[in-house]
Amino acid sequence: MPATEARNDVGAENDRGKERSRRAVWTTLSSLGAHATGLLTSLVSVPLTLEYLGKERYGLWGSVTALLTWATLADFGLGRGLINHLSEAYARNDTDAAGRYVSTGWYALLGVALLMAGAFGLLMPIVPWTALFNVQSRSLEAETSSVVVAVVAVFLVNFPMSIVGSIYSAYQRGYVANAFRVVGNVTSLAVLVAATRTHVGLAGLVAVMGGVPLLLGALNLVYIARDMPWLWPKRRSVSWATFRELATVSTPLFLFQVGSLLINELQTLVIARRAGLTTVADYTVFLKVYSVPVLILGMIDGPLVPSFREALLRRDVLWLRTTFWRAQGIKLVICVAATVYYVGFGNVATSLLSGQTVAFESRVWMAASLLTLVGTWNGSFNDLLISTNRLWTLVRFILANGVVTATLTYFAAERLGVFGIVSATVAYSLVVTAWIFPVICWRHVSPMATAEALAVAAEEVSPGA
């Protein structure tokens, strides 16, 4: 029999839906505070960093980071897959299973980080880094290798800490993680100011900035273990059987990450090769402005996957339907406000963030509005596909999206600039998934379905599927 949590922190079963909603609201509001803090610090840090490093050095940092983001695939989807499994354990109050999942996931990620460190040590001397990143400046050529080493080292040290976010999400305690993020944003800005005033080089700046998330991750893990001690990673709790169980969900989510990176990260490398590092810097500034409404929308989406999963396992299908459409309505209102923000204030915001006179054509901001609307609509159904373990369906579409987006970006970046990049990003989602995803998910959230019909749909969602 599964062990039961010593403290029932959601109250009686008939109040669980209310508690689930309360936690989602708190997570969203606290996320707003965390992102607001991040935005305010960006208003200082981005122009400060651009002025300190210059466009080309700043573009090099962004390009190396974009390339390294592919290394996140090395977790094989364990971080995201862990959320579904922990959500199931949480729904069943099964602390033994939760402990096995966390311990196995933690040590698996630690082992992968060590293997990646060894592989990088072998590749570092033989990869032509300056050619890969299209570095033109002779002074920057001498710095490139040290920057690559610094970025990789920061990534590998922080790699196992990714499990912390999965724990908070699964236990619907994102508001705690957001409190730590506020502290991290303020600390990062203080570290950046100190580093620039002491004239730290680019590699040193990368290293000291990377130390902030490492410290916060460690403090987060200690906090979790104090409140829920069964979640502290223990070597004796690691098992091969648990790893195979995690793999049933992590494998398709790994492929989902591949598609997401094709869309989000390969673009940066394509832009660097086709249009140069200056365009990378311009696009990076554009993304800072574009991402403000997207971040707000993400605050609403964030708590939904684990909440939907838990609600389905408890057959609370009416709560799921009501919450889904309520969230969808709120997000669509935000999309309308986002259009006003982009068209009316987009260029003002880019100038503030870059510290320079930066302006994009109005068609760029209209394309950004369309991208936000389509992404919001699709994102809600993405959450349902993950919650209901329709992962392979999601994988097929996201991989196709990634290939199409990268290909269109290759042809559009040099000729059409930022407008071409944004248009390439929205094309597949607008034409294909914007209507296919709702058809697939409709029986789980149909406003016309009876409670009995929804319950039958929920029966298909089995633990560990």
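"Buried", in this talk, means under 20% relative accessible area, while exposed means over 50% and partly exposed lies in between, all with a 1.4 Å probe and protein chains only. Good morning. The structure above is a predicted model, in which local features need pLDDT of at least 70 and side-chain atom pairs count only at pLDDT 80 or more, whereas totals for chains, interfaces and linings use all residues. Residues are numbered from 1 along each chain as its sequence is written, and side-chain values use heavy atoms, with hydrogens and water left out.

I begin with the salt bridges. A salt bridge is a side-chain nitrogen of Lys or Arg within 4 Å of a carboxyl oxygen of Asp or Glu. As a general point, side chains of opposite charge can pair when their charged atoms come close. The structure holds eight salt bridges.

Please look at Arg309, which forms a salt bridge with Glu88, with 2.3 Å between the closest N and O atoms. Which parts of the chain does this pair link? The pair links distant parts: Arg309 is in helix H13 (residues 304–313) and Glu88 is in helix H3, 221 residues apart. Helices here are DSSP runs of H or I with at least four residues, strands are runs of E with at least two, and both are numbered from the N terminus. Arg309 and Glu88 are both buried.

A second pair is Arg23 and Glu19, whose side chains meet in a salt bridge at 3.1 Å, N to O. Both residues lie in helix H1, four residues apart, which is about one turn of the helix. Arg23 and Glu19 are also both buried. Together with Arg22, these two residues are linked in a network of salt bridges.

Is Asp94 buried or exposed? Asp94 counts as buried because its relative accessibility is 10%. Arg92, with a relative accessible area of 37%, is partly exposed.

Between these two residues in the sequence comes a point about the backbone. Most residues other than glycine have a negative phi. Asn93, although not a glycine, has a positive phi of about 55 degrees, and Asn93 lies in the loop between H3 and H4. Gln172 likewise has a positive phi of about 55 degrees without being a glycine. Gln172 is placed in the loop between H7 and H8, and it counts as buried because its relative accessibility is 6%.

I turn now to the nonpolar cores. A nonpolar core is a set of buried Ala, Val, Leu, Ile, Met, Phe, Trp, Tyr and Cys residues joined through side-chain atoms within 4.5 Å. The largest core has 63 residues, and Leu60, Trp61, Leu86, Val148, Tyr171 and Leu231 touch the most other members. Among the elements that give two or more residues to this core are helix H1 (16–53), helix H3 (78–91) and helix H4 (95–123). Which helix provides the largest share? The largest share, 11 residues, comes from H4. A second, separate core of 32 residues includes Val249, Cys335, Phe381 and Ile398.

Leu231 deserves a separate look. Contact means heavy atoms within 4.5 Å. Apart from neighbours within four places in sequence, Leu231 is in contact with Ala98, Gly99, Val102, Ile167, Tyr171 and Ile224.

Finally, I come to the spaces inside the model. On a 1 Å grid over the protein atoms alone, a cavity is a set of points where a 1.4 Å probe fits but cannot get out; a pocket is an open set with protein on both sides within 12 Å along at least five of seven lines; and lining residues have an atom within 4 Å of a point. Grid points are joined across faces, edges and corners, and a volume is the space filled by probe spheres set on the points.

The structure holds three cavities of 30 Å³ or more, and the largest cavity has about 40 Å³ of space. Its lining consists of Leu78, Gly79, Leu82, Gly105, Leu109, Ile163 and Leu246. H3 supplies the largest share of that lining, three residues.

The second largest pocket has a volume of about 390 Å³. Of its 18 lining residues, Ala24, Val25, Thr28, Ile300 and Ile330 are the closest to the centre. H14 gives the most to this lining, with seven residues. Thank you for your attention.
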